[in-house]
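Subject: Structure handover and notes

Hello,

Here is the structure for your files. My notes on it follow below.

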Amino acid sequence: MILDQIAKDTQIRVAKKKEACPLEEIREKALACENTGEFPFEKALAGKEMSFICEVKRASPSKGVIAPVFPYLQIAEEYEKAGASAISCLTEPKYFLGQDRYLREIASKVNIPVLRKDFTVDSYQVYEAKVLGASAVLLICSLLEEETLRAYVELAHSLGLSALVEAHDEGEIEKALRAGTRILGVNNRNLKDFTVDVENSLRLRQQVPEDVIFVAESGIRTGEDIEKLKKGGVQAVLIGETLMRSRNKGKMLQELKEGKR
Ligand SMILES: O=C(O)c1ccccc1NCC(=O)[C@H](O)[C@H](O)COP(=O)(O)O
């Protein structure tokens, strides 16, 4: 499956990074960063209204290049201005054409929290996310053993980072909850055939307790999708392609928020 290939390549990427800046060094840098213990990402999603995590994404394995022109800072600012709750920034370079610097620059430019969207397979990446200025990291259940998942959730929390733990099915939701997640994302994209179905979030919503923030991820295209998810008790949505392909991203976000599109 594509996820296994991405994970293998990520391990190689992290090993190279460790040669340039060893784990102990990145750990010290992360510990030297400000930690107010306030968890801005979690706070941003915890309101009564539906929260919008808007993604800055150049490409993806399923869609190829989505944004041949990629003014990432401008996009992030447009999202913020249009009322995004948080930004998701891809840093994976091979399949998503992401860069660490996109995250660093965006996090220092906007006043809303930024999620580091990467394929976390090593604690190194959690420390690195903190150093880059992220407020949250993505942890994908299927990439991590339960004990490792728990350890990374705890590590993120100890650094003042939130963890968005991503699940695809009932079993992974149970695993995420046992690992102590406070924010659970259900990915509507089937990573075997890349089909998307927002019903996946609605179906799995019942399994997640009310005190855990529930995020629906992927394949969200219309105001109708948003309304359906709202009615189903979903607190936040993560939207990438629909916004990235729009010529006027701010307007698109506003219309989605109003349930118009
Ligand atoms: O999108 C892919 O092709 C993909 C393939 C393998 C692993 C992850 C993948 N997507 C990452 C995401 O989760 C999305 O970027 C995110 O949920 C936004 O989805 P969308 O709104 O459909 O762009």
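At what angle do helix 2 and helix 6 pack, and how far apart are their axes? The angle is about 40 degrees and the axes are 8 Å apart.

Some conventions before the rest. This is a predicted model, in which local features need pLDDT of at least 70 and side-chain atom pairs count only at pLDDT 80 or more, while totals for chains, interfaces and linings use all residues. Residues are numbered from 1 along each chain as its sequence is written. Helices (H or I, at least four residues) and strands (E, at least two) are DSSP runs, numbered from the N terminus. Axes are lines fitted to C-alpha atoms, for helices over the stretch in contact, and angles run from 0 to 180 degrees between N-to-C directions.

Helix 2 with helix 6

Helix 2 and helix 6 are oblique to each other (angles under 35 degrees count as roughly parallel, over 145 as roughly antiparallel, 65 to 115 as roughly perpendicular and the rest as oblique). Helix 2 passes helix 6 in a left-handed crossing; a crossing is left-handed if the near helix is turned anticlockwise from the far one by less than a right angle, and right-handed if clockwise. On the helix 2 side the contact uses L23, I26, R27, K29 and A30, and on the helix 6 side Y124, Y127, E128, K130 and V131 (two residues are in contact if their C-beta atoms, placed from the backbone, lie within 7 Å). By class, this contact of helix 2 with helix 6 has six nonpolar, no polar and four charged residues. Here Ala, Val, Leu, Ile, Met, Phe, Trp, Tyr, Cys and Pro count as nonpolar, Asp, Glu, Lys and Arg as charged, and the others, Gly among them, as polar.

Helix 6 (residues 123-132) is mostly covered, with seven of its 10 residues buried. A residue is buried if 20 or more other C-beta atoms lie within 10 Å of its own, exposed if 12 or fewer, and partly exposed in between, with C-beta atoms placed from the backbone. The buried residues of helix 6 are Q125, V126, Y127, E128, A129, K130 and L132. They pack against helix 1 (2-20), helix 2 (23-32), helix 5, strand 5 (114-117), strand 6 (136-140) and helix 7 (146-158). Just after helix 6, G133 has a positive phi of about 100 degrees.

Helix 4 and its two partners

Helix 4 (residues 72-81) packs with helix 5 (residues 100-109) at an angle of about 40 degrees, the axes being 10 Å apart. These two helices are therefore oblique to each other, and helix 4 passes helix 5 in a right-handed crossing. Y72, L73, A76 and E77 of helix 4 make the contact with Y102, E105, I106 and K109 of helix 5. By class, that contact has five nonpolar, no polar and three charged residues.

With helix 12, the axis of helix 4 comes within 8 Å and crosses at roughly 35 degrees. Helix 4 passes helix 12 in a right-handed crossing. Here I75, E78, Y79 and K81 in helix 4 meet K249, G250 and L253 in helix 12. By class, the contact of helix 4 with helix 12 has three nonpolar, one polar and three charged residues.

Helix 10

Which residues of helix 10 (residues 223-231) are buried? They are D225, I226 and L229. Seen down the axis of helix 10, its buried residues fall within an arc of 100 degrees, so they line one face of the helix; the arc is that of the directions from the helix axis to the C-beta atoms. E224, E227 and K231 are exposed on the other side of helix 10. The cover over the buried residues of helix 10 includes helix 9 (199-205), strand 9 (213-217), strand 10 (236-239) and helix 12 (249-257). G233 follows helix 10 and has a positive phi, near 90 degrees.

Single residues

- S60 is in strand 2 (residues 59-60) and is buried, with 21 other C-beta atoms within 10 Å.
- S60 touches I66 and F96, not counting residues up to four places away in sequence.
- S60 and E241 are 181 residues apart in sequence and 9.3 Å apart in space, C-alpha to C-alpha.
- L97 is not a glycine but has a positive phi of about 55 degrees; L97 sits in the loop between strand 4 (86-90) and helix 5 and counts as partly exposed, with 18 C-beta neighbours inside 10 Å.
- F194 is not a glycine but has a positive phi of about 65 degrees; F194 lies in the loop between strand 8 (183-187) and helix 9 and is partly exposed, with 14 other C-beta atoms within 10 Å.

Regards
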